[in-house]
Amino acid sequence: MLVEKNVPLQFSNTFGIMAKALALVRIASEEDVAAVLADPALQAVPKFVLGGGSNIVITGDVKPLVLKVEIKGKKLAGETAKAWIVEAGAGENWHDIVSWTVHNGYPGLENLALIPGTVGGSPVQNIGAYGVELQDRFDSLDAIDLTTGKSFTLNAAQCAFGYRDSVFKHSSNGPNGLGLAGKALITRVRFALPKAWKAVLGYADIEKKMAQFASVVPDALQIYEWICEIRKAKLPDPKVIGNAGSFFKNPTVTPEQCADIILREPKIVHYHLDDGSVKLAAGWLIDSCGWKGKTIGNAGVYERQALVLVNRGGPANPVTGGEVMTLAKAIQTSVYERFGILLEPEPVVV
Ligand code: EPU
C-alpha cells in the first residue's frame, strides 16, 4: 500500500480549489481498505473519503487521511420480475454509468445525466434532477465500516434517503442515533432499473422539449440527450468553470409561511409537495436579491443560475474555500433579511 504525501487536490474537487492532502491512499478495491485498516499507523487516524469531489468546499489542506475511492467496474448483476439490477464500482464516473446503462438497454437513470461526481457519492446526497432522485432507482449498496473493517450491505430504507440527504450525511450523535457520516466507505452501488420503463416528463424544461418536438415519442436515449442539452445550457461545466452544482438546498416552508411570503413577494417560485409542505426555489430567492453574476474575490454567482457558485479565478488563480464560504454567507444573510429564510448549503465543507 502506498501512502502518498502532500498530494495536490486542485483537480480532485470540481470547484478547482487549490489545497493538498497531507496523506492520501488510493482505494481501488475492498482489499485496499482492509490494508489501510490493518496498518497500525493508519487504522486509528481520522479519515476522509473522497469521491469525485463534486460536492465539497475545501477550506485548507486536508489533515485527515484521504481515502480516494477509485473502485471500478460495471455489470448487469441480476434481474427481478420488475427490474434490471446494474452494479457499479463507487469510483466510476456517474455520467459514464448513466450513459452506459441507457445505451445498453437498461433505462431509468437518463434524467440524472451529466451530474458531476462518482457512483459512490450518488447515494450520499441522494442526487436528483428533473423529477428523478437516486432513491427512485436504488437497489442496495455495499460499504465498509472504517472502524471495524466489516463489510455491510444497505437497502433503500436503511439508507434513510431524503431530499439531498441520507444516513451518510448524519453523525451518530443525531436525534435518532443513526448515522454513518465519516464512518463508512461505499464500495459498490446497485441500481434497480425498471423493465416497464416510463419517461419522467413532468418538469418544465423537459415539457418545453416535448412541445418543441411534438411529433417525437421520447425513449430513454432521447430524454438522456435532452437532459444533456438542458444542463449544458443552464449549468456550468466544472471542467471549464469550477463549481459544485447547486450550492444551497431548495428550502421548504409551511403553506401558511408561503402564503405570508406571497403577500409580500407575489412572484415567488414555489411548488406544493405531496406531504403538504411548499418548496421554494432557492435560485429565485438568490436571484431576486440581485446576486446573479456578482463576485466576491474569486467566488462568483453564475450568470445563468443563481443557485450555482463558481470559481472565477480559473486554474491559474483559483478561488479559495474561504472566498466561497464568504460569498455563501453574504447570500444567506441577504436572503434571510428579505424573506426570513435561512438557506442551507448543500456541499460538505472540509
Ligand atoms: N430561478 C430563477 N433564477 C435563477 C435560478 C432559478 O428565477 O437564477 C428559478 C427558475 O426560473 C425556476 C426555479 O427557480 O422557476 C427552479 O430553477 P431550476 O429549474 O433551475 O431548478 P433548481 O431548483 O434551481 C434543482 C436542483 C438541481 C437540478 C435541477 C433540475 C437542488 C438544490 N437543485 O435546481 O440539482 O439539476 O433542480 O432538476 O435541488 C444540484 O443539486 O447540484 C443540482 C444542480
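Strands E7 and E12 (residues 184–194) run antiparallel to each other and are paired over seven bridges, where pairing takes at least two DSSP bridges between two strands. Within this pairing, arginine 190 of E12 is the bridge partner of glutamate 87. Strands (E, at least two residues) and helices (H or I, at least four) are simply DSSP runs, counted off from the N terminus. The model is a predicted one, in which local features need pLDDT of at least 70 and side-chain atom pairs count only at pLDDT 80 or more, while totals for chains, interfaces and linings use all residues. Residue numbers start from 1 along each chain as its sequence is written, and side-chain values use heavy atoms, with hydrogens and water left out.

As for the overall layout, the protein splits into domain 1 (4–69), domain 2 (74–194) and domain 3 (243–349), with bounds that come from an automatic or database domain assignment. Taken over C-alpha atoms, the centres of domain 2 and domain 3 sit 26 Å apart.

Back to the sheet that holds E7 and E12. It is an open, antiparallel arrangement of five strands, ordered E6-E7-E12-E10-E11. E6 and E11 (151–155) are the edge strands, each pairing on one side only. From one strand to the next, the twist averages 25°; angles here run from 0 to 180 degrees between N-to-C directions, and axes are lines fitted to C-alpha atoms, for helices over the stretch in contact. H1 packs on this sheet, where it touches E10 (138–145) and E12, and its direction makes about 30° with that of E10; contact means heavy atoms within 4.5 Å. At the E6 end, strand E6 (residues 74–79) pairs with E7 (residues 83–89) in the antiparallel sense over five bridges. Glycine 78 stands opposite isoleucine 85 of E7, and a hairpin of three residues links E6 to E7. H2 also lies across E6, E7 and E12, running at about 55° to E6.

The other sheet described here is open too, but has four strands and mixed pairing, in the order E1-E2-E5-E3. Its edges are E1 and E3 (47–50), each of which pairs on one side only. The twist averages 45° from one strand to the next. Helix H1 (residues 30–38) packs on this sheet as well, touching E2, E3 and E5, with its direction at about 130° to that of E2. The antiparallel part includes E1 (residues 4–8) with E2 (residues 20–27), joined over four bridges. Here valine 7 stands opposite alanine 21 of E2, and proline 8 has lysine 20 of E2 as its bridge partner. E2 pairs with E5 (residues 65–69) in the parallel sense, over four bridges. Isoleucine 27 finds its bridge partner in valine 69 of E5.

Then there are the helix pairs. The axes of H2 (residues 94–103) and H5 (residues 220–234) come within 9 Å and cross at roughly 150°. H2 is therefore roughly antiparallel to H5, on a scale where angles under 35 degrees count as roughly parallel, over 145 as roughly antiparallel, 65 to 115 as roughly perpendicular and the rest as oblique. The H2–H5 crossing is left-handed, a label that applies if the near helix is turned anticlockwise from the far one by less than a right angle, with clockwise giving right-handed. His95, Val98, Ser99, Val102 and His103 of H2 make the contact with Ala220, Leu221, Tyr224 and Cys228 of H5. By class, the residues in this H2–H5 contact come out as six nonpolar, three polar and no charged. Nonpolar here covers Ala, Val, Leu, Ile, Met, Phe, Trp, Tyr, Cys and Pro, charged covers Asp, Glu, Lys and Arg, and the others, Gly among them, are polar.

H5 has a further partner in H4 (residues 204–212), packing at an angle of about 120° with the axes 10 Å apart. H4 and H5 are therefore oblique to each other, and H4 passes H5 in a right-handed crossing. On the H4 side, Asp205, Ile206, Lys209 and Met210 meet Trp226, Ile227, Glu229, Ile230 and Lys234 of H5. The H4–H5 contact has five nonpolar, no polar and four charged residues.
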